[in-house]
Amino acid sequence: MDETVAEFIKRTILKIPMTEMMTILKAWDFLPENQLQTVNFRQRKESLVQDLVLLCESKRASLRDAALLDIIYTQFHRHQKVWDVFQMSKEPGEDVDLFDMERFKSSFEKILRRALKNVTVSFRDAEENAVWIRIAWGTQYRKPNQYKPVYVVYYSQTPYAFTSFCHLKSNTPLLSQALTVASNHHKIVKMDLRSRYLDSLKAIVFKQYNQLETKFKSDFHGGILAERKEPLRCLIKFSSPHLLEALKSLAPAGIADAPLSPLLTCIPNKGMNYFKIRDK
Amino acid sequence: MEWANDKSKGGVLAHLERLETQMSRSCKNLEDPPRETAESDLGTKIHKLRCLRDKLRAEVKQRQARIKASTANAEPDQTLEISEQEAVGGKEENMKAILQAYRFTGLSGKRTSRGVCVCISTAFEGNLLDSYFVDLVIQKPLRIHHHSVPVFIPLEEISAKYLQTNIQHFLFCLCEYLNAYAGRKYQADQLQRDFAAFLAGPLQRNSLCNLLSFTYKVEPQGRSFPFCARLLYKDLTTTLPTDVTITYQGTDASSTSWEEQRASHENLFFTKPLHQVFTSFARNGERLDMSLVS
């Protein structure tokens with residue numbers, strides 16, 4: 001096994017918290033169950049990682065296997081990344097989209113490789129007909145940097161792709177092109193929408209609203225809030241299965257003054273949560 | 001500017017609020033000279049607006065009652081307001097009639113304060129599947145307030161074509177798409193769940209379930225070489241494929257019996273839902289076993 005691959009696997013496994021170790025290794029499915037049982041999971045983490053890396057060496061783990069482990073780790077820790085949203089569009093009146101996942105993957109990889117020889121592309125199918133793509137960028141003269149990959153999550157036959165924040169902005173056009181062409185779209189724009197929570201972003205762009213009725217809960221029974229002359233200064237924590245909708249309904253319910261700040265109400269309507277405020 | 005120093009108090013949202021009030025205050029200052037009793041003036045203004053709001057609400061209620069009372073004749077001096085109200089009222093009646101007529105197709109609805117919320121229940125072969133809702137606001141123009149339609153169903157296209165001109169057709173079209181999608185999904189799920197033994201590898205599918213690719217055997221014991229199937233559903237309103245390609249993977253491809261089987265499979269996939277095709281494979285297999293025993 002290549003030294004760099006061994007080091008990469010070692011560093012990835014070291015990141016995994018002990019409570020998740022078994023789950024993630026099982027999801028990786030590279031080290032078989034019977035081999036994992038021979039490992040002492042109660043020892044110090046550093047020694048455990050050494051044992052695991054030795055096992056990977058004996059099974060001749062490749063860069064591909066290592067990249068897959070990295071994807072799985074990131075899937076378990078998706079909140080550690082900040083996700084941007086790209087919106088793609090087609091020409092009107094196009095044929096029905098017969099999305100073929102295998103063709104998408106090969107087309108995507110081909111487009112990247114044509115432009116950049118040094119790039120590592122890995123895929124992992126996910127639930128709801130989505131795919132997680134991991135891209136490690138290199139340059140014309142340098143091998144890909146495995147420690148600063150970009151992730152793309154794409155749900156088939158939708159116009160939206162979620163990408164993790166990329167330090168190397170210079171590769172964004174190439175990534176955009178690969179996504180657009182491989183998924184049979186024509187144009188791509190970056191939305192002013194950004195969050196650590198993929199599920200929230202999904203809910204906003206896929207407009208996944210349920211028919212909720214959010215009731216206002218108060219522990220005070222009119223105590224501290226009743227009969228005050230001066231305004232009350234306090235910190236209010238809002239939690240709700242659908243927070244933005246609940247905030248919108250505060251005004252019609254007579255609890256807040258209308259109109260609500262458009263900064264709050266435009267988030268689901270316009271699909272943006274990233275605002276640039278300038279001096280006039 | 002002095003506000004820059006206050007940035008530390010209260011965080012970003014508070015800061016934004018301050019900017020907002022700053023903006024509105026500076027706009028106001030250009031029009032009116034500043035007054036010391038500004039606060040109490042605002043208080044009176046709020047009170048006046050609230051009274052006006054209550055008055056308008058009462059008026060709206062009165063007019064709605066009047067419309068219900070005098071359906072036949074329109075009073076001449078209020079013709080303009082009432083005819084607009086009637087148009088909206090008319091749309092509501094129309095909606096009710098459509099929903100009553102379509103109840104048996106899985107369409108139902110309930111009145112909301114703004115319009116109507118339509119619920120589309122999908123089904124396939126007598127099995128009740130997922131439900132989706134579309135919350136319509138009855139205004140000019142008619143618009144969708146909320147919905148739970150999956151993002152890959154072409155809702156925008158269907159709305160653009162029919163929502164304003166023919167609500168009936170809009171609902172019917174959406175029903176078609178959703179029922180067909182639910183039916184295709186049901187078949188793919190059934191295949192993965194109940195006939196996994198017949199599949200030589202994972203079932204490749206997409207969000208709309210309109211492209212399915214899989215390798216299969218006719219007998220789960222694996223005596224026969226696998227076939228490769230590629231099913232395309234180019235018509236999103238149907239649950240049967242528009243294109244079927246079956247290829248035979250075995251070595252003795254020249255044998256006529258394999259070619260016959262391949263052709264008959266193609267025909268089966270064109271005409272029967274997926275899980276029924278595999279049920280018939282399973283039944284044929286049982287028949288073969290029975291003949292070996294006897």
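Modeller: Start with a term: a residue is called buried when its relative accessible area is under 20%, exposed when it is over 50%, and partly exposed in between. Cys117(B), at 5% relative accessibility, therefore counts as buried. Keep in mind that this is a predicted model.

Now the contact between the chains. On the chain B side, 26 residues take part, and they touch 29 residues of chain A. Together the two chains bury about 2100 Å². Carbon and sulfur atoms account for 55% of that area.

Charge pairing across the contact comes down to one salt bridge. Its partners are Arg230(B) and Asp100(A), with N and O 2.8 Å apart.

H1(B) gives the largest share, four residues. By residue type, the chain B side divides into 13 nonpolar, seven polar and six charged.

Next, the cysteines. The structure holds zero disulfides over all chains. Take Cys117(B) again. Its closest cysteine sulfur belongs to Cys119(B) and lies 7.3 Å away, which is too far for a bond. A disulfide would need the two sulfur atoms within 2.5 Å. Cys119(B) is likewise in no disulfide, and its nearest cysteine sulfur is that of Cys117(B).

Over all chains, the structure holds 19 salt bridges. Three of them in chain A show how helix spacing brings partners into line.

Begin in helix H1 of chain A, residues 3-15. Arg11(A) pairs with Glu7(A), and the closest N and O atoms are 3.2 Å apart. These two residues sit four positions apart, about one turn of the helix. Both ends are partly exposed: Arg11(A) has a relative accessible area of 44%, and Glu7(A) has 32%.

Move to helix H6 of chain A, residues 101-115. Here Glu102(A) and Lys105(A) form a salt bridge at 3.6 Å, N to O. They are three residues apart, about one turn of the helix. Glu102(A) is partly exposed at 42%, but Lys105(A) is buried at 12%.

Helix H6 of chain A also carries Glu109(A) and Arg113(A). Their side chains meet in a salt bridge at 3.1 Å, N to O. The two are four residues apart, so about one helical turn separates them. Glu109(A) is partly exposed, with a relative accessible area of 23%. Arg113(A) is partly exposed too, at 38%.

Asp84(A), Lys190(A) and Arg194(A) are joined into one network by salt bridges that share partners.

Notes. Residues numbered from 1 in each chain as written. Chains lettered and ligands numbered in written order. Predicted model: local features only at pLDDT ≥ 70, side-chain atom pairs only at ≥ 80, totals over all residues. Heavy atoms only, no water. Contact = heavy atoms within 4.5 Å. Buried area = accessible area lost by both parts, 1.4 Å probe. Salt bridge = Lys/Arg side-chain N within 4 Å of Asp/Glu carboxyl O. Nonpolar A, V, L, I, M, F, W, Y, C, P; charged D, E, K, R; others polar. Buried < 20%, exposed > 50% of the residue type's maximum accessible area, 1.4 Å probe, protein only.
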